[in-house]
Amino acid sequence: QGSVNGRIALQDAAVAEQLVAPENQDDAAYTLVAGSFDSQDSEGADILMLVRLDAANGKATVVSIPSNLMWTLSDGSNGLIGRELELGGDAGLVKQVASFAGVDIAHYVRADADGFVQLVDALDGIDVTLSEEVDDPVAGNIYVAAGNQHLDGAQALVVARAKNYLNSYDTRAQNQMKLLVALVRKAASGEGFGAQQSTLDAIAGTFQTDYAASDLLRLLGQLGGVADENVQMARVPGYSGYESGELRFSVAPNGWKTMMEKVGAGVDPNEKSEAVQSVNPSKYTLTVKNGAGVAGAASECADALEALGYKVKETGNTDQFAYNETLVVYKDSKDVAAAEAIADSLGVGRSVEAGIYYEFNTDLMVIVGQDWKPRS
């Protein structure tokens with residue numbers, strides 16, 4: 001265990017000052033997992049995942065945080081949160097993610113591309129189910145088919161890096177979370193203390209962490225007891241857009257707050273409220289306007305909404321094409337659930353109250369923003 005401790009130890013001693021353990025050892029705790037996998041940005045973190053483990057209740061939740069999320073960094077600038085690793089090191093990254101998520105982070109794990117490949121290979125590969133084929137020459141010259149796959153280290157790295165999907169953020173985040181869960185599952189699969197010690201010895205040095213070897217052995221035992229149906233995965237709600245030639249992610253604050261409340265309560269963060277689930281689309285009339293200047297966006301969005309059962313009475317353009325984010329506008333609080341149901345069905349946007357700023361003659365209005373993902 002002393003040998004393992006030396007190989008997994010973080011080089012940034014200041015990170016311990018930012019880690020806050022729960023009051024009781026058996027309470028749920030958060031671990032930040034960070035990766036520097038993209039060769040173009042090797043100094044920053046391009047993979048960020050917040051993991052909540054509730055061992056007492058046999059539950060785990062993984063939340064994918066986009067590394068290009070805009071946040072106030074330690075130097076006072078408004079930049080990509082993943083770049084905090086360059087500015088403030090491991091300690092700075094933990095501090096900023098904890099601030100963004102509004103939770104105490106108890107533990108931290110970081111790996112680079114080489115370590116990740118070695119980690120997967122040390123475990124003799126991992127098994128994942130991919131919803132789409134992986135064929136991204138920027139990520140690497142390896143093709144991985146959709147479906148159930150057994151991946152070696154090089155293949156797993158390409159899956160983690162790939163982003164040329166129709167819905168890039170969602171699919172990449174889902175793949176990265178699947179890889180993490182598969183890694184943990186494989187590492188925790190050894191039966192008995194001796195088997196877990198052998199696994200830990202094999203993978204030590206492929207990542208760095210504040211965990212001591214004894215804590216990792218205890219963790220593997222806990223994770224081995226979490227059933228598949230009790231592992232939840234979610235991504236930060238929001239939208240991406242180019243600014244100054246750089247792809248940046250903006251969080252949907254209301255959706256993020258609601259999600260983290262669910263995560264903290266140990267329930268499925270993707271679960272819809274009863275009010276949203278009970279919405280009857282046929283009872284609502286809609287106005288749909290193009291607020292981003294994307295050709296045909298209003299018409300396409302209207303078709304999608306009508307296919308869901310909503311009654312679209314009017315389509316058109318906003319006065320200015322200034323909307324980065326899709327908005328579902330409601331006049332009356334009784335229609336909040338319907339607005340949230342529409343945003344959920346579209347997969348983009350958030351609900352907002354009309355107030356004095358929006359006028360329309362239907363029950364709700366949808367303003368299509370630049371985050372709208374056209375159907376192929």
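**Note on a predicted protein chain**

1. Thr 61 sits in strand β3, which covers residues 59-65. Setting aside neighbours within four places in sequence, Thr 61 is in contact with Leu 50, Val 51, Arg 52, Gln 232, Val 263 and Pro 269.

2. Now the chain as a whole. Its secondary structure consists of eleven helices and 17 strands. The C-alpha trace spans about 70 × 45 × 45 Å along the principal axes. For 376 residues, a compact globule would have a radius of gyration near 21 Å; the protein chain has 22 Å, which agrees.

3. How much of the chain is buried? Of the 376 residues, 49% are buried.

4. Contacts across the sequence deserve a point of their own. Taking contacts between residues at least 6 apart in sequence, 67% join residues at least 24 apart. Leu 119 and Phe 207 give an example of distance in sequence set against distance in space: they are 88 residues apart in sequence, and their C-alpha atoms are 7.9 Å apart.

5. Apart from neighbours within four places in sequence, Leu 119 is in contact with Leu 183, Ile 203 and Thr 206.

6. How many aromatic pairs does the structure hold? There are four aromatic pairs. One of them joins Phe 37 and Phe 116; this pair is tilted, with 4.8 Å centre to centre and 40 degrees between the planes. Phe 37 is in the loop between β1 (29-36) and β2 (47-54), while Phe 116 is in helix α3 (residues 113-122), so the pair links distant parts of the chain, 79 residues apart. Phe 37 is buried at a relative accessible area of 7%, and Phe 116 is buried at 6%.

7. Another pair is formed by Phe 100 and Trp 256. Here the rings are stacked, 4.7 Å centre to centre with 10 degrees between the planes. Because Phe 100 is in helix α2 (residues 84-101) and Trp 256 in helix α8 (residues 253-265), the pair ties together parts that are 156 residues apart in sequence. Phe 100 has 7% relative accessibility and counts as buried; Trp 256 has 7% and counts as buried too. Ring pairs also link Trp 71 with Phe 100 and Trp 256 in a cluster.

8. Why is helix α4 described as largely enclosed by the rest of the structure? Helix α4 (residues 153-161) has nine residues and seven of them are buried, which is the reason for that description. The buried ones are Gly 153, Ala 156, Leu 157, Val 158, Val 159, Ala 160 and Arg 161. They pack against β2, α3, β7 (126-130), β8 (147-151) and α5 (168-187).

9. Helix α11 (residues 336-346) also has a list of buried residues: Ala 337, Ala 338, Ala 339, Ala 341, Ile 342, Ala 343 and Leu 346. The elements that the buried residues of α11 pack against are α9 (274-277), β13 (285-290), α10 (297-307), β15 (327-330), β16 (350-353) and β17 (364-368). Just after α11 comes Gly 347, with a positive phi of about 85 degrees.

10. The last point concerns the backbone at Asp 124. Most residues other than glycine have a negative phi. Asp 124 is not a glycine, yet its phi is positive, about 60 degrees. Where is Asp 124 placed? It is in the loop between α3 and β7. Is Asp 124 buried or exposed? Its relative accessible area is 61%, and exposed means over 50%, so Asp 124 is exposed.

Notes: Residues numbered from 1 in each chain as written. Predicted model: local features only at pLDDT ≥ 70, side-chain atom pairs only at ≥ 80, totals over all residues. Heavy atoms only, no water. Helix = DSSP H or I, 4+ residues; strand = E, 2+ residues; numbered from the N terminus. Rg over C-alpha atoms; globule rule 2.2 N^0.38 Å. Buried < 20%, exposed > 50% of the residue type's maximum accessible area, 1.4 Å probe, protein only. Contact = heavy atoms within 4.5 Å. Phe/Tyr/Trp six-rings, centres within 6.5 Å; stacked < 30°, edge-to-face > 60°.
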